[in-house]
Amino acid sequence: MDKINYRLIGIPKNGVTLCQMINHYLQEDTNLHYIAIVREPYERFWSAIKECTYSYKANKIPEDNSEGIFKSTNVEDQIKEGIAQIDGTPNDYFKTQKSWLDNYTIGTTIKFDADIQKSLKAIFKDHQYETEIYKIIEKDWNPSTHDKDSEALSIIKSTYKNKIEPFYADDFALWESK
């Protein structure tokens, strides 16, 4: 059997750092089996808002406003700033997951959920760098939980469902297909 050369596709807000760190151990080749990590669209949208809102950022760099850092301090207004992104020209965090995948032929799709570690371990079992890759996989790749998450997701799913679902329709289809 031929050896499979894997490559993870880094999509902002879907474990892009995880993908980059694993890809470090993978062979560069023209015959690649692409792996996409997809995230539940509502959660990804809220995560993008948190990424663009200075008060939520884990690594605060005052001069870092390259992604148009949101200025609002309450959840409802922060969500409105996120909605403005999808109503206009979205920055990378708000672009659809599908738009990041359009240039690839995806061989495997996994969910960015509670089972992500198990899913990735199954793929890299018996890989020549299994030990090193498993050390990366075993880290907590979703540390950005915040006490406002439940409130925000409730508002997004009720008040802005009619904006989110059409804009991210392909992403919902990707999520549901797995």
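Among contacts in the chain between residues at least 6 apart in sequence, 73% join residues at least 24 apart. The model described here is a predicted one. Its chain has 178 residues, and buried residues make up 44% of them. Nine helices and three strands are found in the chain. Read from the N terminus on, these elements follow the order β-α-β-α-α-α-β-α-α-α-α-α.

**Helix H6 and its surroundings**

Helix H6 covers residues 130–137, and its buried residues are Ile-133, Tyr-134, Ile-136 and Ile-137. Seen down the axis of H6, these buried residues fall within an arc of 155°, so they line one face of the helix. Thr-131 and Lys-135, on the other side of H6, are exposed. The cover over the buried residues of H6 includes helix H1 (16–23) and helix H5 (116–124).

**Two helix pairs**

Two packed helices are described by the angle between their axes and the distance between the axes. The table gives these values for two pairs in the chain.

| Helix pair | Angle | Distance between axes |
|---|---|---|
| H5 and H6 | about 170° | 10 Å |
| H2 and H3 | about 105° | 10 Å |

On the H5 side the contact is made by Gln-117, Leu-120, Lys-121 and Phe-124, and on the H6 side by Glu-130, Ile-133, Tyr-134 and Ile-137. Sorted by class, the contact of H5 with H6 has five nonpolar, one polar and two charged residues. Ile-133, Tyr-134 and Ile-137, which take part in this contact, are among the buried residues of H6.

The second pair joins helix H2 (residues 41–51) and H3, with an angle of about 105°. An angle from 65 to 115 degrees counts as roughly perpendicular, and H2 and H3 are therefore roughly perpendicular to each other. H2 contributes Phe-45, Trp-46 and Ile-49 to the contact, while H3 contributes Val-75, Gln-78, Ile-79, Gly-82, Ile-83 and Ile-86. By class, the contact of H2 with H3 has seven nonpolar, two polar and no charged residues.

**Single residues**

Gln-85 also lies in helix H3, which spans residues 75–87. Its relative accessibility is 17%, so Gln-85 counts as buried, the limit for buried being under 20%. Leaving aside residues up to four places away in sequence, Gln-85 touches Phe-70, Pro-90, Asn-91 and Phe-94.

Lys-139 is placed in the loop between H6 and helix H7 (149–159). With a relative accessible area of 41%, Lys-139 is partly exposed. Residues up to four places away in sequence again left out, Lys-139 touches Met-21 and Gln-117. Lys-139 and Gln-117 are 22 residues apart in sequence, and their C-alpha atoms are 8.7 Å apart in space. Gln-117 is also one of the H5 residues in the contact with H6.

**Cysteines**

A disulfide is a covalent bond between the sulfur atoms of two cysteines. A search of the whole structure finds zero disulfides. Cys-19 is buried, with a relative accessible area of 1%. Cys-52 is buried as well, and its relative accessible area is 0%.

Key: Residues are numbered from 1 along each chain as its sequence is written. This is a predicted model: local features need pLDDT of at least 70, side-chain atom pairs count only at pLDDT 80 or more; totals for chains, interfaces and linings use all residues. Side-chain values use heavy atoms; hydrogens and water are left out. Buried means under 20% relative accessible area, exposed over 50%, partly exposed in between (1.4 Å probe, protein chains only). Helices (H or I, at least four residues) and strands (E, at least two) are DSSP runs, numbered from the N terminus. The arc is that of the directions from the helix axis to the C-beta atoms. Contact means heavy atoms within 4.5 Å. A disulfide is a pair of cysteine sulfur atoms within 2.5 Å. Axes are lines fitted to C-alpha atoms, for helices over the stretch in contact, and angles run from 0 to 180 degrees between N-to-C directions. Ala, Val, Leu, Ile, Met, Phe, Trp, Tyr, Cys and Pro count as nonpolar, Asp, Glu, Lys and Arg as charged, and the others, Gly among them, as polar. Angles under 35 degrees count as roughly parallel, over 145 as roughly antiparallel, 65 to 115 as roughly perpendicular and the rest as oblique.
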